[in-house]
Amino acid sequence: SMELLYGPGEWSLPSIEPVGLAVLTYCQFTGADIKLTPCANPRKSNCRSIPVLQSEEECVTGLLKMFDSLRAKGHNADFELTRFQAAEVVALSALVERKLH
């Protein structure tokens with residue numbers, strides 16, 4: 001089973017860390033059955049990083065890689081998009097991630 005470790009929240013938000021918040025939202029939209037664990041200590045993750053999507057077999061960091069991992073497991077929020085629209089989503093996601101870091 002998969003687990004998402006993400007930075008704890010403040011100000012009534014589940015997380016104040018942008019990537020963790022994005023993956024939490026994606027999990028809600030897709031109905032992904034993933035254990036959600038707020039965590040402030042990166043040493044508690046398998047790959048020493050937060051946010052992380054992890055299981056016994058894998059450790060995934062980075063927004064796009066976490067989305068890809070969820071999609072590969074059948075959790076896809078983009079199933080009604082055309083190929084062009086899906087490409088735009090990927091491009092915009094990369095731009096947003098780059099601007100946030």
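1. Quick definition before anything else: buried is under 20% relative accessible area, exposed is over 50%, and partly exposed is in between (1.4 Å probe, protein chains only).

2. Ground rules. This is a predicted model, where local features need pLDDT of at least 70 and side-chain atom pairs count only at pLDDT 80 or more, while totals for chains, interfaces and linings use all residues. Residues are numbered from 1 along each chain as its sequence is written, and side-chain values use heavy atoms, with hydrogens and water left out.

3. On the cysteines: there is one disulfide (a pair of cysteine sulfur atoms within 2.5 Å) in the structure. The partners are Cys47 and Cys59, with an S to S distance of 2.2 Å. The link joins distant parts of the chain, twelve residues apart: Cys47 is in the loop between β2 (35–38) and β3 (52–54), and Cys59 is in strand β4 (residues 59–60). For the element names, helices (H or I, at least four residues) and strands (E, at least two) are DSSP runs, numbered from the N terminus. If you care about the torsion, the angle about the S-S bond is -65°, a left-handed link. Both ends are partly exposed, Cys47 at 31% and Cys59 at 32%.

4. Four strands make an open sheet in the order β2-β1-β3-β4, with mixed pairing. Its edge strands are β2 and β4, each of which pairs on one side only. Two strands pair here if DSSP finds at least two bridges between them. β1 and β3 run antiparallel and are joined by three bridges; one of the residues to look at is Glu3, whose bridge partner in β3 is Gln54.

5. Two helices sit against that sheet. Helix α1 (residues 18–30) packs on it, touching β1 and β2, and its direction makes about 145° with that of β1. α2 also packs on the sheet, touching β1, β3 and β4, with about 30° between its direction and that of β3. Contact means heavy atoms within 4.5 Å. Axes are lines fitted to C-alpha atoms, for helices over the stretch in contact, and angles run from 0 to 180 degrees between N-to-C directions.

6. Salt bridges next. The rule is a side-chain nitrogen of Lys or Arg within 4 Å of a carboxyl oxygen of Asp or Glu, and the count comes to three. Lys35 and Glu3 meet at 4.0 Å, N to O. Lys35 lies in strand β2 and Glu3 in strand β1 (residues 3–6), so this pair ties together parts that are 32 residues apart in sequence. Lys35 is exposed at 54%, whereas Glu3 is buried at 18%.

7. The other bridges. Lys73 pairs with Glu58, their closest N and O atoms being 2.6 Å apart. Lys73 is in the loop between α2 (63–72) and α3 (83–100), and Glu58 is in the loop between β3 and β4, 15 residues away. Asp68 and Arg71 form a bridge too, at 3.0 Å between the closest N and O atoms. Those two are three residues apart in helix α2, so about one helical turn separates them.
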